[in-house]
Amino acid sequence: MFSRTLALFFCLLLFAAKTGYGQCDSLLQAISSDSGYAWAAFRTDGDTTFMPPEIFAPYFTFSYEADSSYSTWFFSEFMLNWKHLYLSNWCFKRVINYDTATDSPSEDWTASEMRNRSTTRTFPVIGNDTLQFFRGLSWIDRYSSALSFSRYVNNNEIGYSVELVDSGSGTRLLLLDSFAIETTTDDKKPCINSWYPMGARVRSVVPSTVEDTTSAYIRINAWAFGAAPYPFIREDGIRKMLSGYKLNSSQFTAYSDSVEANNHCGGGGAGSCDLEEIPTSSPSGILISNVVPSSISNIEVRNIDGSLIWWSSVPMASNPISVTLSPGLKIVLGMSNSNVICTTKLLIQ
C-alpha cells in the first residue's frame, strides 16, 4: 500500500524540484523518525546504509573571497537544552550572493539583509537554559590552493558574532561567540581574535536575569570592514552532524592548534610569562608550573565571561600546582600587579 507518509515525501521532492530548492523555511530541514521524511534524500555519496534521521542538521556556510585567500565558516547543530533548533530563511541547496555566470560574488542581499536573515527560528527561552552550536572555520591560501594556517592575505578585516536576540524588542540577551581576523600582508602571520579554536562546539547558559519565558532567536552577524569589501556568500544545506567526528579528529585538532600557534596577535602563552599549563583528567583541571624568579606577581584562571575561578600569588604554595576545574574553555592569565602580561586559552574536558 502506498502510505500517506511516502506520498507526502514524493510531493515534497516534486515541489523542491519545481522550485529549484528555492522554498524558504523548507520543512525538509525538520527530518526525524516522527516526521517520516526520508533521510536518504540528503545522502550525496550513494551509500544506502541506514542512518537515523536525527543525526542530520541544517547548516549555513559563509564564504568570503579575497585576492589571496578564501575563507569558509560552517555553522550547524543549533540546540536548546539538547533539542534541535531549526533555521529561518533556510532554502535547501540555495547559494546567496554568488553569480555562477561570472564565477564571483554578487550582492543579492545587502550585508544588513544577510545578518537579519541568518537566524534560527524563534523559540521560548528562560534563564539557565543551555544553548549550543557547532562551528568550523578555515581558509584556503589561493597562492598554493591549500588549506592554510600560517599564511592569510586579505585587505579587509572580517568577522562574525553569534547572539541570542529577544524577538519582541530586538535587543541582545546574550553574546554566544565572536571571531575576527585582521587585515594582513604577504609577510605577516594572521591576527585572530577568538575565544575558541577553529573548530568548536560552543555552549552558553542563558543569564538568570531572563526571569520570564521569552521568545528569542539566535542570529549570525557576518561583517567585513575596509575598502570596497566583497559580500559574503551563504550556502544553505543539510548533512550529518559533524561535531563528534571533527572534534575527535587528530587532523582537525592539529589544524586548530597550528592556527593558534601562528596567531600573530595571540595571547602570549607559556613562554612570555615563564608559565606552563597542562590540562589534566581525573579530576579535570590544569597543572600549572611557574619558573622562579618570575616577571609576574600572580596567576588567575577565569571563565570566558571574565568571572574569576582561581588565583594564586607568585611564588605559588606548590610548584607545580594542580587546579581542579569544571569542563569548558578557561583562560589562564599571568599578571604583574593589575596588568595582564600574558594569557593562555585551555579547553578542559
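I began with the second largest cavity, which holds about 40 Å³ of space. I took a cavity as a set of points, on a 1 Å grid over the protein atoms alone, where a 1.4 Å probe fits but cannot get out, and lining residues as those with an atom within 4 Å of a point. The volume is the space filled by probe spheres set on the points, with grid points joined across faces, edges and corners.

The model is predicted: local features need pLDDT of at least 70, side-chain atom pairs count only at pLDDT 80 or more, and totals for chains, interfaces and linings use all residues. Residues are numbered from 1 along each chain as its sequence is written, and side-chain values use heavy atoms, with hydrogens and water left out.

I listed the lining of the second largest cavity as Ser71, Trp73, Leu137, Ser138, Trp139, Tyr152, Ile158, Phe179, Ile181 and Met198. Strand E2 (69–80), E10 and strand E13 (172–181) each give two or more residues to this lining; E10 gives the largest share, three residues. Strands here are DSSP runs of at least two residues (E), helices of at least four (H or I), numbered from the N terminus.

I then turned to the largest cavity, with a volume of about 60 Å³. Its lining includes Arg135, Leu137, Phe179, Met198, Glu260 and Lys345. Strand E10 (130–141), strand E14 (192–194) and helix H4 (250–261) are the elements that give two or more residues to it.

Next I examined strand E16 (residues 214–225), in which nine of twelve residues are buried, that is, under 20% relative accessible area with a 1.4 Å probe and protein chains only. Strand E12 (residues 157–166) runs antiparallel to E16, joined by ten bridges; strands pair if DSSP finds at least two bridges between them. Strand E9 (residues 123–125) is also antiparallel to E16, through three bridges. I noted that leucine 164 stands opposite isoleucine 218 and that phenylalanine 123 has alanine 216 as its bridge partner.

Which residues touch the most other members of the largest nonpolar core? I found Phe62, Trp73, Phe75, Leu164 and Ile218, among 49 residues. E16 supplies the largest share of this core, five residues. Another core, of 17 residues, lies apart from it and includes Ile286 and Leu346. A nonpolar core is a set of buried Ala, Val, Leu, Ile, Met, Phe, Trp, Tyr and Cys residues joined through side-chain atoms within 4.5 Å.

Notes. Buried < 20%, exposed > 50% of the residue type's maximum accessible area, 1.4 Å probe, protein only. 1 Å grid on protein atoms, 1.4 Å probe; cavity = no way out; pocket = protein on both sides within 12 Å on 5 of 7 lines; lining within 4 Å.
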